Amino acid sequence: MSQVHLKVIRVVISVISLLLISALFIDFRELIPTVWADRILFLQFVPSLIGFITLMAVATTGFIFILVLTAFFGRVYCSAICPLGVIQDVFSWIAKTTGLIKRYKFKKALDYLRYPVLVITVGSLIFGGLFVLNLLDPYSSFGRISSDIIRPGIVVANNGLAGILEKFKIYTLFRLNLDLITWRTALIPVITLAVIIWLSLFFGRLYCNTLCPVGTLLGFLSRVSLFRIKMDVSTCTKCGKCSFACKSNCINIKTLQVDHSRCVACYNCISVCPESSIRYERAFVRSGKTGIIDNSKRDFIGKTLIYGAALAGISRRVMGQEVKERPAGRIPIKKNHPVSPPGSVSLANFTGRCTACHLCVTACPTSVLQPSYLEYGFLGMSQPHMDYSTEYCNYECTKCGEVCPTGAILPLTVEDKKLTQTGKVCFILEKCIVYTDNTACGACSEHCPTQAVKMVPYKEVLTIPETQADICIGCGACEFACPVKPHTSIYVDGNKVHQVAKAPKIEELEVEHTEEFPF
Amino acid sequence: MLSLFRSFPNFRKHIQVCHKLDTFDTCLFEIKSYNKYLVMKRRDFIRNSVGIGVLSGAAISMGKFSEMLAAENSLMQLPYDLVAIKGGEAAEMFDKGIASLGGMKQFVKPNQTVVIKPNIGWDAPPERAANTNPLLIGRIVEQCKMAGAKTVYVFDNTCSEWTRCYKSSGIEAAVKKAGGTMVTGSSESYYQAVDIKGGKSLKKAKVHELILESDVFINVPVLKNHGGTRLSVSMKNLMGVVWDREYWHSHDLQQCIADFTTFCKPDLIVVDAYRVLKRNGPRGVSVADVATMKYQLIGKDIVAIDAAATKVFGLEPRDVKHIMLAEQLGVGKSNIEAMKVNRITMGA
């Protein structure tokens with residue numbers, strides 16, 4: 001029986017999964033309910049794994065499912081579920097159809113690269129640093145590319161269209177502000193995308209088989225998976241078509257062997273074989289070659305383990321949230337800590353669990369959640385932080401926690417969120433406009449949801465801000481609204497560990513009712 | 001005035017059309033829409049970068065027309081300077097009040113475009129009184145539609161995230177139900193730069209195009225406490241038609257609020273004081289900050305109506321600096337005692 005249908009199934013599933021995940025990351029109109037995020041991302045390996053470590057919940061067991069799936073069917077995760085894998089296939093397909101690349105060739109596995117990368121990633125993960133994992137995790141990389149590059153592109157298109165419709169007085173589409181994107185935070189996704197495009201255009205799935213820690217990890221299992229690609233020596237004519245079609249460069253036509261650790265189960269080889277002699281079948285016997293582990297390899301792994309551990313050690317030290325020098329302004333403000341999103345419990349918890357996929361950045365309705373630059377330190381680069389210079393956190397909103405797949409931001413009820421203190425208000429009287437100019441303002445208090453910033457009588461009819469930090473939740477509304485620029489006179493200093501804020505005091509209102517009109 | 005007509009052939013043609021219509025009022029409205037048409041034209045000129053000579057010519061002619069309009073508008077007599085209603089439900093109070101001014105047709109003519117500017121500043125439900133009462137806004141939209149309005153736009157440049165404000169205020173639903181169109185106020189591209197000639201501190205502002213282009217502008221603030229300016233009523237509500245309002249806060253807020261009223265003149269003002277945020281304004285912390293007062297004020301003089309609202313709130317106009325400053329700029333009068341006020345008490 002011909003197994004050509006396998007490729008069709010693979011392509012259909014991969015397209016569906018790519019579209020679903022892309023939609024999630026591009027959804028700038030808040031059309032997808034947050035509950036769908038968990039469902040769509042259930043099978044994504046790294047967020048599920050991190051989420052499992054954090055939450056130990058059923059909703060985060062997707063990675064176990066993937067491990068079992070791989071043990072049975074090989075790296076189907078890489079070919080059909082991983083969004084970064086699928087876009088690489090898209091680029092490879094473009095390269096093939098445009099004639100950029102004619103055929104792939106069998107190559108030896110780059111073991112000296114892929115194993116150290118995996119070891120360093122796992123090592124640094126164990127020692128509390130997610131930096132390496134964040135850079136290499138395919139899901140998070142895809143998330144950043146979609147959220148930071150593709151989404152703005154689509155917003156530009158939306159704005160163009162909205163501009164045309166606006167001329168006809170149609171306001172169903174509306175423009176969104178795009179001034180939030182900076183080159184500093186776009187750096188990592190842009191480099192990642194460039195590498196991905198380059199590799200996938202010319203080298204097929206090289207990224208997945210050298211740099212991707214998930215690919216290498218699943219490779220251990222797919223080596224011994226129940227179902228795998230097998231070549232029938234008796235019917236094979238050694239025409240080489242399967243090898244030319246193999247994006248993973250893992251079919252050795254001379255020895256008629258397949259490196260199953262690199263095979264991503266794309267089934268392209270099956271669909272091109274004229275003799276139907278390459279098949280996807282149960283394998284009871286382990287192929288001889290791949291089973292042998294030589295000692296030099298062991299040595300190498302040992303060394304890289306030590307190296308990885310050392311790197312993790314370094315990463316932990318740099319991880320601390322030290323005071324950051326800011327460009328000098330009139331009177332610079334001194335923030336001791338950045339603000340992590342509500343539900344992230346503490347800075348350490350957040351930076352230790354966030355893979356920087358930027359799903360929360362897309363989901364955040366106010367855009368206050370922005371990829372960080374150096375706010376969390378070098379190794380926390382691109383993990384989202386609360387950027388009160390761009391916006392402030394909506395009092396009634398809990399979306400970031402609802403979509404976060406890793407548990408770096410835990411879901412909060414609205415009631416809990418309203419009492420979660422992510423930071424505290426700090427006020428510098430000498431910088432306040434009411435103090436310096438003797439004119440009315442009150443922008444900070446106006447925006448404050450709890451009146452932790454309250455306007456109290458000052459000179460004549462003027463009022464001036466007074467702060468009460470224990471009822472402040474650190475939403476940043478005051479800092480956002482403060483017209484003193486560039487360094488505001490009121491700001492939020494992050495809490496290293498989030499606190500429970502006191503509820504604002506509610507007093508009875510005394511109203512005297514008059515029967516007559518007062519004029 | 002006739003010579004003016006002669007010098008603008010297009011306008012003369014327009015007036016001839018107007019003469020076929022019955023009332024002088026209608027004619028006035030046609031003149032007014034022509035003026036607004038010119039504002040649009042000016043924008044197009046700027047966009048197309050037509051020669052500076054043409055531009056300045058248009059500007060001069062504009063100036064003359066505006067003066068003429070100011071004179072003509074005062075000719076249009078309303079039976080009262082101010083209508084104050086109390087004791088009823090928000091929508092019903094409006095029905096009574098507007099009827100006593102001759103009905104909505106006094107303000108909206110068939111086929112005109114209307115823009116309503118409520119306060120939708122905050123992501124808060126109607127009970128919190130941080131936003132204008134949705135029932136009132138719905139009823140005003142209905143009335144405009146019944147008067148023959150072509151389109152009724154509603155927007156605000158909100159302080160909280162706008163889609164949430166539109167939703168939780170109940171205003172979006174009410175407007176859609178009544179046949180109006182909600183428009184975002186949160187895209188800078190909709191805002192056009194204008195000069196505030198009469199301003200002391202505020203000389204320029206970027207104003208939402210619907211305010212500049214619509215035939216009728218109805219300002220529907222909610223009366224509430226404000227930490228910085230004491231009170232937020234009609235004048236303060238106009239900050240929501242402006243994009244670059246951070247400048248106001250850093251350049252004498254009270255003066256800027258007053259300055260803007262020399263430029264932005266609503267055709268009708270309805271002050272919602274059904275629920276009144278008595279403290280912790282303009283956002284409020286909880287429903288405990290709200291008093292149900294069941295008042296409403298309708299009028300055209302922004303100074304008078306804000307002065308009256310101040311008294312409803314329990315303060316004196318002199319306590320609210322921007323009201324006094326606007327009066328000094330000659331925008332309106334705060335002396336309500338000297339005005340024709342219609343006082344309507346509803347309910348028991």
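## Helix 5 of chain B

In this predicted model, the buried residues of helix 5 of chain B pack against strand 1, helix 6 (134-146), strand 10 (268-277), strand 11 (290-299) and strand 12 (341-345) of chain B. Which residues of helix 5 are buried? Helix 5 of chain B runs over residues 90-100, and its buried residues are B:Ala90, B:Ala91, B:Met93, B:Phe94, B:Gly97 and B:Ile98. They sit on the same side of helix 5 of chain B because they cover an arc of only 155° around the axis.

Just past the end of helix 5 of chain B comes B:Gly102, with a positive phi of about 100°.

## The rest of chain B

Zooming out, chain B has 14 helices and twelve strands. Of its 348 residues, 52% count as buried. As for the contacts in chain B with a separation of 6 or more, 73% of them come from residues 24 or more positions apart.

## Where chain B meets chain A

Now for the two chains together. Here 40 residues of chain B are in contact with 35 residues of chain A. On the chain B side, strand 1 (82-86), helix 11 (246-250), helix 12 (253-261) and helix 13 (302-313) each supply at least two residues.

How do the residues on the side of chain B that touches chain A divide into nonpolar, polar and charged? There are eleven nonpolar, 14 polar and 15 charged residues on that side.

## Two domains in chain A

Chain A splits into domain 1 (5-284) and domain 2 (319-500). Taken over C-alpha atoms, the centres of domain 1 and domain 2 of chain A are 36 Å apart. The contact between them takes 34 residues from domain 1 of chain A and 27 residues from domain 2 of chain A.

On the domain 1 side of that contact, helix 1 (5-26), helix 2 (35-41), helix 3 (45-55), helix 8 (131-136), helix 9 (138-167) and helix 10 (183-203) of chain A each supply at least two residues. The residues on this side of domain 1 of chain A come out as 14 nonpolar, 13 polar and seven charged.

## A closer look at helix 1 of chain A

Helix 1 of chain A has 22 residues and spans 31 Å from its first C-alpha to its last, close to the 32 Å expected at 1.5 Å a residue. Its buried residues are A:Arg10, A:Ser14, A:Leu18, A:Ile21, A:Ser22, A:Leu24 and A:Phe25. These cover an arc of only 150° around the axis, so they lie on the same side of helix 1 of chain A. Over on the other side of helix 1 of chain A, A:His5, A:Val8, A:Ile9, A:Val12, A:Ile16 and A:Leu19 are exposed.

What covers the buried residues of helix 1 of chain A? The cover includes helix 2, helix 5 (76-81), helix 6 (83-97), helix 9 and helix 18 (359-363) of chain A.

## Two buried residues in chain A

A:Met381 is in the loop between strand 5 (369-371) and strand 6 (384-386) of chain A. Why does A:Met381 count as buried? Because A:Met381 has 20 C-beta neighbours inside 10 Å, and 20 or more is the cut-off for buried. Leaving out residues up to four places away in sequence, A:Met381 touches A:Ile188, A:Ser372, A:Tyr373 and A:Leu374.

A:Cys478 sits in helix 23 (residues 477-481) of chain A. A:Cys478 has 29 C-beta neighbours inside 10 Å, so A:Cys478 counts as buried. Not counting residues up to four places away in sequence, A:Cys478 touches A:Val425, A:Cys444, A:His447, A:Cys448, A:Val453 and A:Ile490. The C-alpha atoms of A:Cys478 and A:Leu100 are 55 Å apart, and the two residues are 378 residues apart along the chain.

## How confident is the model in chain A?

The mean pLDDT of chain A is 87, with 90% of its residues at 70 or more. Confidence in chain A is highest in strand 7 (residues 420-427), at 97, and lowest in helix 15 (residues 288-291), at a mean of 39.

Over residues 286-294 of chain A the pLDDT stays under 50, and the model has nine contacts for them beyond four places in sequence. The pLDDT is also below 50 over residues 308-329 of chain A, a stretch with 45 contacts in the model beyond near neighbours in sequence.

How values were computed
Residues numbered from 1 in each chain as written. Chains lettered and ligands numbered in written order. Predicted model: local features only at pLDDT ≥ 70, side-chain atom pairs only at ≥ 80, totals over all residues. Domains from an automatic or database assignment. Contact = placed C-beta atoms within 7 Å. Helix = DSSP H or I, 4+ residues; strand = E, 2+ residues; numbered from the N terminus. Nonpolar A, V, L, I, M, F, W, Y, C, P; charged D, E, K, R; others polar. Expected span 1.5 Å × (residues − 1). Buried ≥ 20, exposed ≤ 12 C-beta atoms within 10 Å, placed from the backbone. Arc of directions from axis to C-beta. pLDDT = per-residue confidence, 0-100.
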